[in-house]
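Here is a short note for a first look at this model. Please keep the structure open while going through the points.

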Amino acid sequence: MVESLHGAYAYHEALKAIYYGPGCLRTALPQLLSVLGGRKALIVTGRSLREKTNVVSNVEGVLKDKGAFGGTFSQIGQHAPIQGIVDGIKAFEDVDADIFISVGGGSPVDATKVMVNRLHETRGKFFSHIAIPTTLSAAEYTCGAGYTDEQGNKTSIANPMMAPSGIILDAELTLATPEKLWLSTGLRALDHAGNRQRTSPVESLYRPGVAPPLKVLCYAAISDLFTNLPLSQAEPNSLDVRQRLLIAAWMSLWPMRVEKYGSLGLSHSLGHKLGATYGIPHGVTSCLTLAAVVALKAETATGEDRAALAHVLFYLREPSTGTAVGDVVRLSSMINELVEKLGLRSNLVTYDVPREDLPKIARLATGNAEGPLYSKVLELLEKIYE
């Protein structure tokens with residue numbers, strides 16, 4: 001227990017400011033451009049967000065008013081394929097931009113971080129990056145990034161200086177986000193990167209290296225996500241609820257300087273193996289795996305870690321079952337109930353995952369092809385298969 005009260009914490013120095021509030025884009029973006037010295041910006045986003053909503057055109061309008069619009073690159077696909085990153089760098093250089101603005105979910109944000117890192121390797125400079133999220137995936141708070149390589153494998157890199165320099169949390173810009181994407185990335189906020197090492201606020205409660213104040217923020221994030229995701233489903237045009245969810249995602253992954261990322265949490269690791277290979281969206285992988293992984297932790301976690309998970313019930317105003325194991329099992333059930341309530345229930349059959357691939361997925365997620373953890377993860381995958 002004493003060992004958990006030793007450690008260190010620091011913000012990553014790339015981040016200069018986070019602006020939040022409905023409608024704040026119009027004032028926040030010019031202020032950030034001034035603070036960061038941005039002269040000409042390239043917007044990085046996905047095709048659907050640009051072509052089917054007015055979100056990107058709103059950002060373009062603010063930039064044009066300031067004479068800082070360089071162009072828009074909208075070829076970032078799901079799970080950030082490497083070709084989009086390569087083409088995005090070319091677009092940045094073609095318009096002589098000096099600052100990136102990512103608009104959208106985790107894929108544009110992570111792709112832009114990779115662009116920043118690659119440009120540093122070739123030009124010796126970390127270009128500034130302003131992230132404007134329209135989902136709850138929380139990728140904008142980390143100094144790591146995931147992308148899909150030429151072989152279709154999800155890979156990750158990390159550097160404290162490739163994190164966004166500014167973040168704008170404007171609930172108005174999320175109104176056009178499809179309901180399933182919005183709600184499922186809310187589950188991703190539980191399961192995406194809440195540990196300072198790209199796992200989840202749930203998993204942060206038992207991971208090493210997470211400072212005690214950040215664990216309190218994780219508890220608060222879990223409570224707010226459980227409360228406000230159903231409210232957002234019931235009142236999809238409520239800017240207040242949407243803004244509370246954006247802030248909950250922020251709390252789930254409070255920025256922290258990390259020199260080197262450790263191993264992924266199991267739920268996040270499974271999400272990596274399932275997402276890029278089988279075309280399963282980030283948020284949906286969390287809907288599939290998080291509850292099952294928490295149930296597994298009731299069996300496998302240490303006493304201290306089990307107690308930390310059990311304490312979530314207090315923040316959810318749920319009575320204790322009387323034992324830590326029982327409380328962790330109850331937490332797993334509550335996550336399942338939330339997924340069900342939000343209409344996000346699915347299985348691996350839905351996404352055409354071949355059953356014969358399950359042993360390979362378990363091996364890749366655990367790093368072993370045998371042993372008790374491998375066997376339990378394989379059993380977990382069988383349970384969520386159909």
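Which way does α4 cross α5, left-handed or right-handed?

1. The basis. This is a predicted model, in which local features need pLDDT of at least 70 and side-chain atom pairs count only at pLDDT 80 or more, while totals for chains, interfaces and linings use all residues. Numbering starts from 1 along each chain as its sequence is written, and side-chain values use heavy atoms, with hydrogens and water left out.

2. α4 and α5. α4 passes α5 in a right-handed crossing (the near helix is turned clockwise from the far one by less than a right angle). Helix α4 covers residues 82-94 and helix α5 residues 106-123. Helices are DSSP runs of H or I, at least four residues long; strands are runs of E, at least two; both are numbered from the N terminus. The two axes lie 9 Å apart, at an angle of about 60°. Axes are lines fitted to C-alpha atoms over the stretch in contact, and angles run from 0 to 180 degrees between N-to-C directions. The pair is therefore oblique (angles under 35 degrees count as roughly parallel, over 145 as roughly antiparallel, 65 to 115 as roughly perpendicular, the rest as oblique).

3. Their contact. Residues of α4 including Ile85, Ile89 and Phe92 meet residues of α5, among them Val114, Met115 and Leu119. Contact means heavy atoms within 4.5 Å. The contact of α4 with α5 divides into 9 nonpolar, 2 polar and 3 charged residues. Here Ala, Val, Leu, Ile, Met, Phe, Trp, Tyr, Cys and Pro count as nonpolar, Asp, Glu, Lys and Arg as charged, and the others as polar.

4. α8 and α9. Their axes are 8 Å apart, at about 150°. They are therefore roughly antiparallel. The crossing is left-handed. Leu225 and Leu229 are among the α8 residues in the contact, and Leu245 and Ala248 among those of α9. The tally for this contact is 11 nonpolar, 3 polar and 3 charged.

5. The cores. The largest nonpolar core has 47 residues, and Leu187 and Leu229 have the most contacts inside it. Such a core joins buried Ala, Val, Leu, Ile, Met, Phe, Trp, Tyr and Cys residues through side-chain atoms within 4.5 Å. Elements giving two or more residues to this core include α6, α8 and α14. Leu187 touches Leu229, Ile335 and Leu338, among others. Another core, of 24 residues, lies apart and includes Leu29 and Ile43.

6. Glu340. Glu340 sits in helix α14. At 47% relative accessibility, Glu340 counts as partly exposed (buried means under 20%, exposed over 50%, partly exposed in between, with a 1.4 Å probe and protein chains only).

Methods
Lists of a residue's contacts leave out its neighbours within four places in sequence.
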